Amino acid sequence: MATGTLTAETFLRAVDLEAVEPQVFDEAYEATTQYVPWPKAYGGDMVAQSAAAMMRSVGTDRQLHSMHSYFMRPVDIGAVVRYEVENLRDGRGYSTRSVRGYQGGKTVFAAMGSFHVPEEGPEFQPEMPAAVEPESLRSAAEALYGIEGDAAAYWSTGRSFDMRHVPGPVYVEVEGEQVPQQAVWVKAFDQLPDGADLHRTALAYVCDYTILEPILRAHGHYWAEPGLVTASLDHSMWFHREGRADDWVLYAQEAVSGQRNRGLATGRFFDRSGRLLATVAQEGMIRAAR
């Protein structure tokens with residue numbers, strides 16, 4: 001299992017975009033998917049990369065407040081994806097962008113995003129759910145100690161973020177009750193550069209790792225289960241307040257429905273003081289061996 005200093009370099013490499021000449025729409029950027037120990041790239045690469053591409057296309061006076069995405073084809077690992085951004089509208093208070101990801105001459109990902117010039121107004125949010133403190137929980141590396149293999153090494157140290165499950169992870173078995181909800185404390189392994197957009201992108205990047213887990217937990221499935229096949233289908237995310245992804249953030253998750261080998265789950269990111277930072281909804285394909 002990997003040892004040494006744990007860093008967020010995997011995430012930072014993923015969102016290191018290069019501007020290129022557009023071929024389809026108004027602006028274009030290229031980014032590279034990062035290593036994972038299975039056949040297709042991690043979906044959070046595409047979510048975060050497309051968000052970063054859209055962010056580059058708007059003025060600094062406005063912020064991404066929502067995005068809606070579809071995963072259309074498997075994406076190769078360690079390969080370049082070209083993101084073409086279409087500037088659909090720039091108004092006084094809002095901007096709208098569309099982005100498509102291309103690899104091998106085919107569309108592999110599509111998203112839309114909306115940006116808002118911040119305004120003052122009344123606020124409301126739900127209370128943060130009660131959860132044990134992250135320092136009292138096992139890290140992924142501690143939960144997987146003594147388990148060999150590429151997947152265990154990747155879950156332990158390869159994802160740029162420390163993730164600690166409540167009540168317990170679903171890596172090699174379902175730890176805790178077989179219920180349709182869980183929570184995960186999340187924090188980048190080391191300090192990230194400043195910038196609200198980068199930290200929004202970090203939440204967009206990390207959200208896909210565990211959002212389907214409450215569905216797995218409800219059905220008694222776990223990631224290392226022989227014959228289990230999963231894939232992200234679509235994804236929506238709303239950004240409510242600024243926060244830092246290199247401080248502990250509670251990702252409270254709930255399975256909404258599971259049927260016909262598809263499942264829908266929602267998640268909410270709260271900072272440690274209880275402020276709601278973002279909300280996620282994602283549907284995925286979940287096929288267990290018969």
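In this predicted model, Asp162 has Lys187 of strand S8 as its bridge partner.

**Strand S8 and its neighbours**

Strand S7 covers residues 161–166 and pairs with S8 in the antiparallel sense, over 6 bridges. S8 also pairs with strand S10, residues 249–259. That pairing is antiparallel too, with 6 bridges. Here Gln181 has Glu254 of S10 as its bridge partner.

How many of the residues of strand S8 are buried? The count is 6 of 8, so the strand, residues 181–188, is largely enclosed by the rest of the structure.

**The nonpolar cores**

The largest nonpolar core holds 67 residues. Met67, Phe161, Met237 and Phe269 touch the most other members. Helix H2, residues 43–56, supplies the largest share of this core, with 8 residues. A second, separate core has 5 residues. Among them are Leu137, Ala183, Trp185 and Leu250.

Leaving out residues up to four places away in sequence, Phe161 touches Phe11, Val186, Lys187, Ala188, Phe189, Ala202, Tyr205, Val206 and Ala245. Phe161 is also part of an aromatic cluster, together with Phe11, Tyr42, Tyr205 and Tyr209.

Helix H4 spans residues 150–157. Its buried residues are Ala152, Tyr154, Trp155, Ser156 and Thr157. Helix H3, residues 140–143, is included in what covers them.

The whole structure contains 12 aromatic pairs.

| Pair | Centre to centre | Angle between planes | Type |
|---|---|---|---|
| Trp38 and Trp155 | 6.0 Å | 40° | tilted |
| Trp155 and Tyr171 | 5.1 Å | 25° | stacked |

Which parts does the pair of Trp38 and Trp155 tie together? Trp38 lies in the loop between strand S2 (27–32) and H2, while Trp155 lies in helix H4, so the pair links parts that are 117 residues apart in sequence. The second pair spans a stretch of 16 residues in sequence, because Trp155 lies in helix H4 and Tyr171 in the loop between S7 and S8.

Is Trp38 buried or partly exposed? Trp38 is partly exposed, at a relative accessible area of 33%. Trp155 has a relative accessible area of 8% and is buried. Tyr171 is buried as well.

**Charges over rings**

Two arginines sit over aromatic rings. Arg159 lies over the face of Tyr209, 4.9 Å from the ring centre. Tyr209 is a member of the aromatic cluster described above. Arg272 places its charged end over the ring of Trp185, at 5.9 Å from the centre. Trp185 belongs to the second core.

**Ser232**

Ser232 is part of strand S9, residues 229–239. Why does Ser232 count as buried? Its relative accessibility is 16%, and the cut-off for buried is under 20%.

Which side chains make polar contacts with the side chain of Ser232? One is that of Asp208, at 3.0 Å. Another is that of Gln282, at 2.9 Å. Setting aside neighbours within four places in sequence, Ser232 is in contact with Phe71, Asp208, Gln282, Glu283 and Gly284.

Notes: Residues are numbered from 1 along each chain as its sequence is written. This is a predicted model: local features need pLDDT of at least 70, side-chain atom pairs count only at pLDDT 80 or more; totals for chains, interfaces and linings use all residues. Side-chain values use heavy atoms; hydrogens and water are left out. Buried means under 20% relative accessible area, exposed over 50%, partly exposed in between (1.4 Å probe, protein chains only). Helices (H or I, at least four residues) and strands (E, at least two) are DSSP runs, numbered from the N terminus. Two strands pair if DSSP finds at least two bridges between them. A nonpolar core is a set of buried Ala, Val, Leu, Ile, Met, Phe, Trp, Tyr and Cys residues joined through side-chain atoms within 4.5 Å. Contact means heavy atoms within 4.5 Å. Rings of Phe, Tyr and Trp (its six-membered ring) pair if their centres lie within 6.5 Å; planes under 30 degrees apart count as stacked, over 60 as edge-to-face and the rest as tilted. A charge sits over a ring if NZ of Lys or CZ of Arg is within 6 Å of the ring centre and within 35 degrees of the ring normal. A polar contact is a pair of N or O atoms within 3.5 Å; within protein, one must be able to donate a hydrogen and the other to accept it, and residues adjacent in sequence count only if both atoms are side-chain atoms.
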